[in-house]
Amino acid sequence: MLEGEGQNYLQGLNKIKNAALELGLDIEVYCPEVFITDIVDRAILNKEIESGVKNESRIHIV
Amino acid sequence: MAERGIREFDAKRILHKNWESYFGNKLIYDFKSLLVTQHTNFESMVSEYTWLDKVPLVVKPDMLFGNRGKLGLVYFKKETPGDIFLKDAIEWIKQKSKQSISIKGTKGYLTHFLIEPFLKHSTKDESFVAFSMDEDADNIYMSAYGGIDIEEHWDKTTCCKIPIFASKEEIISIINSNIPSEIQNKLVYAEFVANAYQFFKDLHFTYFEINPLVIFDNRVFVLDLVAKVDDTAIYLVGKKWGDIEFTQGFSRPLSKEEKYIKELDKNSGASLKLTILNPKGKIWLLIAGGGASVVYADAVANLGYADELANYGEYSGNPSRSEVREYTETILNLMTKESINNQKKILLIGGAIANFTDVSKTFDEIIDAFVKYSEKLKQTGVKIYVRRGGPKLFTRFK
Amino acid sequence: MNQEYTLFDRGTQAIFWNLNFDAIQRMLDYDYMIGRNPSVVAIVGLNSQRNFEKFFYGNKEILIPIYDSLKKASVFHPQASVLLNFASFRSAYEITKEALALTNIKVIVITAEGVPERFARELSIQAKKLNKWIIGPASVGGIKPYAFKIANTGGAVENIKLAKLFKEGSVGIVTRSGGLLNELFNIVSQYADGVAEGIAIGGDKFPGTEFVDHLIRFERNPKIKFSIMIGEVGGKSEYKVIEAIKNKLITKPIIGWCIGTVSDYFGGSIQFGHAGAKADKASESAVQKNKAMKQAGIFVPNGFNQFPYLVKELYESLTDNTVGNSSQDINIIDLPLDCETLVKTNKARKKTHFVCTISNDTKEEITYCNMPITEIVEKKYSN
C-alpha cells in the first residue's frame, strides 16, 4: 500500500466533519466501509455501528 | 424520465396536428376541444371557438386521472343528455374548482377542464381501441363495446400482438384478421385502427386509448382519449408533438420548495427530486442516487418510522455546485422551520459509493450550506449523520 | 454465444466510442494493476483533431488510435469484441445498431440515459436474435475481476482495492443501479470471497439484457457459487427469474431484493426512485415482488441492511470456509502516483518546462513587460 493513502482516503469525509464541528454542529461521519443503511439504525435506534464480521478493524468513525 | 401521461387535450391536439399525414382526407377529425384553466377568459374564447356558445357541450376535468364518468365528473346533462350550454358549463367549472376532492387517497383541486361539443349518439355506436407496448411486441386492443363499462365487456375485446419488425402489410393483415365481428363498419374501423397504430408508433406514444370511439360515415369522434408518451423522444418528434405541457396531473398542491426543486430539475442535466411527505417529520434525507435514496427511505420505513419520514428525494448525475447548494439549503431551511419538543431532528446525508460523481465537490457545497444554516440547525436541534464514498474523496484522481 | 457463460476474460479488447478521457484512463489503470495488456485498443471520436490520444499505462505513456468511424476501428482491430458505447442519447441507438451488424462485436455497453424506449426495445430484440449482449442503456457497465473492467465501474482505485475487485471471487451480482452495484461489491468482499462478475443492467424499462439473462450465465459458470440480484419497483424482470427457477434453468442459490418497499407505506401514490420505476400493477410493487421471490426459494432479506448477514450465512453454508480465512490475496501492481498529487503533498518537486521573461504570473496580478494586465486592458494596448 502506498504511504499516506489512508489519509487521502479520509480527507473528504474529514473535511465535512471538521467544518461541522467548527460550526458547533452535532455530527457523525462514516466511511464507505460502513454499511449503507447502518447510519439509519444508528440515527433512529442509537445502535452502535458494528465492525462487521471480521476482526480486523475496517470501520472508521471519523 | 420516460413514460409520461399527457392531457387529453394535448393528445387530441397532436392527433389533429398530424391527422393528414396519417389519415389523409378520407377520414375527417373535427378537433373541437377547448382546454380551460384558471386563467381562461370565456368572452375572448367565444370569438375564437365559434362553436362554443352555439352547441350543447360536454365538460370534464383534464388532469390525467381516469374513471371520470364513474366519479360523476363528466357533465353532459341537467335533465336530458345534451342540455348543457356554455353558461352551465362555466357555472359547473366554477363550482367544481372551488371544492377540494379526493381521488385514490390524494386530496387536491381541479384546475384544468376540457370543453367539447356534445355528440348525440347511442351506446351501440361506441367502440374502443387501444395500443400499448410490451417488451416483445406492441398490443392492439379492439372492441365493439366501448364506453364506461368496457371492463365488464372485456371478454369481447380482441387483443393482437404486432411484432416489432412487422411490415405495414403484415400489420394491416393482423388487424384485419382480428377485427371483432360485432364492429359495425369494419372497413372504416380497420383503416382507422391501422393508421392510428402507425401514428402511435411513429410519435413514440407508449399508451393510447380511445374510449369511446364513434365513427359516423367517414367522420371520427374521439370522445375520450388517454395517452402517454415517452418523453425521451422529444428530440426526435418534439416538433410533431408541438407544445406539450408535461404535468403531474391531479395531485396534492406542491409546496413552494417542491416547485422550486422541480424547476431546478427541469433546467438541469442532472437529476434533483424532492417530495415532502410530512413537514413535521423528524427524519430528513439528503441522499445522492436514484437507487440509494430508495434504500434509505426503505430502511427508515422498515424500522417503523415511515410517519416520521419528512421527505423523499435524491440528487444524482453529477449536479453542478450551485445545484447541490440550492438543494441542500432547501432541505436545511425546511427542517429548521420549527423544532420538536425535547427531541432532536435527524439529517441523513448518504448515498451509495459513487462511480463517477465528484463527491468532494458535493461536500464543499453542503459545508457552505451548513455555514449559512449553522445557527438554525443548532436552535432546532439537528443531529447529522454522514456516510458516502466515491471518486475524489480519494484524492488520487485528478 | 449461448454456450459461453462469460462475456469477458483477460484478453478482452474493447473499442471506446467517445473520447472519455477519465473513464479510459481508469480502465488502463485497472489493466495495469492486474497485469494485463491495455483493454482499450481503439477510440471512436468524430471531431477529434488528432488520430491518437496519450494515456498512462503504469508509468509509461501509450498511444491509443482514434478513428472517425466505428467501422474503421473494427476493421483495424478485428479482435475487439466489446463496444463501450459512450455516445449521447441522441446517437446511442444508431451506433448500437451499427455495432450489432459488425461480426466481431459481441458485447455492447450503452451508458446514455434517455434512449427512447421504443429504440431500446428494438435493440434488445435484435441483439438477442444475433446472440449478442447489450448491457444498458443507462448502465455504468460491470466488471469481471482480474479480467476486464468497464469504464467507471467500481469507482475510484481505492474503492476497487477496498472491495477486492482485483481478485476473482465466487459471487455473481446483477443490479439495476450502478451505485448499489458498488455497495454490493463492498459487502461481498467483506462477507464472502469476492465478486466473480458484477453487472448493472441499467434503470430503463427495456434493458438490453435482464436479470434472468445474466443469472443463467452465472448458472453455467463453475466459478460462481451463488448470485445476488437487486431489482426495483415496476416491470416483470424478477418474475422471469422466478420462472427460470421453476423451469430449473437456474438452480444455484440467489439472494434477491427489490428496493422500494417504502412505497406501500404511502399508498403507492408517491414516486420513489427512478422515473421509470413505477408499478403499473399490484404485482409490480416491491413488497409483492419480494414475497414472490421468497416463495420461489430465493433468499430474501427483511430489509437491505440484512444483506451482509445473508451473504455471510449463504457463503459459509456453501463452502467450508469461514469468511476471512478463504482469501489468498493476490499481488497487485501499485499504480504510480501522478506528479501533481506528489507535488501537492510535498513529496516531489518538478522543474518548470520553460521560463517566460516577458510575462509574470507569480504575483497577485499578471504583468506583461512589468505592466499589470488591467492597465493594458484599460489603456487598450491589447488591440
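Two strands pair if DSSP finds at least two bridges between them. Helices (H or I, at least four residues) and strands (E, at least two) are themselves DSSP runs, numbered from the N terminus. This is a predicted model, in which local features need pLDDT of at least 70, side-chain atom pairs count only at pLDDT 80 or more, and totals for chains, interfaces and linings use all residues. Residues are numbered from 1 along each chain as its sequence is written, while chains are lettered from A and ligands numbered from 1 in the order in which they are written.

Start with confidence. pLDDT is the predictor's confidence in each residue, from 0 to 100. Chain B averages 92, and 97% of its residues score at least 70. Residues 391-398 of chain B fall below 50; beyond near neighbours in sequence, that stretch has 32 contacts in the model. Two residues are in contact if their C-beta atoms, placed from the backbone, lie within 7 Å. Chain A averages a pLDDT of 70, with 61% of the residues at 70 or above. Among the elements of chain A, helix α1 (residues 5-22) has the lowest confidence, a mean of 72, and helix α2 (residues 38-45) the highest, 92. The pLDDT is below 50 over residues 1-9 of chain A, a stretch with 8 contacts beyond near neighbours in sequence. Residues 51-62 of chain A also stay under 50, and for them the model has 26 contacts beyond four places in sequence.

Next come the domains. Their bounds come from an automatic or database domain assignment. Chain B is split into domain 1 (3-31 + 122-241), domain 2 (34-117) and domain 3 (256-386). The C-alpha centres of domains 2 and 3 of chain B are 40 Å apart. Chain C has domain 1 (14-318) and domain 2 (339-378). Their C-alpha centres lie 45 Å apart.

Now look at a sheet in chain B. Three strands form an open sheet in the order β3-β7-β4, with antiparallel pairing. Strands β3 (34-36) and β4 of chain B are the edges, each pairing on one side only. The twist averages 25° from one strand to the next. Strands of a sheet pair through backbone hydrogen bonds, either parallel or antiparallel. Here, 5 bridges join β4(B) to strand β7 (residues 113-117) of chain B, and the two run antiparallel. B:Val59 has B:Ile115 as its bridge partner in β7(B). For B:Val58, the partner in β7(B) is B:Glu116. Helix α4(B) packs on this sheet, touching β3, β4 and β7 of chain B, and its direction makes about 15° with that of β4(B). Axes are lines fitted to C-alpha atoms, for helices over the stretch in contact, and angles run from 0 to 180 degrees between N-to-C directions.

Is β4(B) buried or exposed? A residue is buried if 20 or more other C-beta atoms lie within 10 Å of its own, exposed if 12 or fewer, and partly exposed in between, with C-beta atoms placed from the backbone. In strand β4 (residues 57-61) of chain B, 5 of the 5 residues are buried, so the strand is largely enclosed by the rest of the structure. B:Leu57, B:Val59 and B:Pro61 point one way, B:Val58 and B:Lys60 the other, and all are buried. Turn to B:Lys98, in helix α4 (residues 86-98) of chain B. B:Lys98 is exposed, because 9 other C-beta atoms lie within 10 Å.

Chain C has its own open sheet, of 6 strands in the order β9-β8-β11-β10-β12-β13, with mixed pairing. Its edge strands are β9 (148-149) and β13 (254-259) of chain C, each pairing on one side only. Strands β8 (residues 141-144) and β11 (residues 195-200) of chain C pair in the antiparallel sense over 3 bridges. C:Ile143 stands opposite C:Gly198 in β11(C). Helix α9 (residues 286-295) of chain C packs on the sheet and touches β12 (226-232) and β13 of chain C, its direction making about 165° with that of β13(C).

Finally, see where chains B and C meet. The contact takes 46 residues from chain B and 50 residues from chain C. On the chain B side, α7 (234-241) and α9 (290-302) are the elements that give two or more residues. α9(B) gives the most, with 11 residues.
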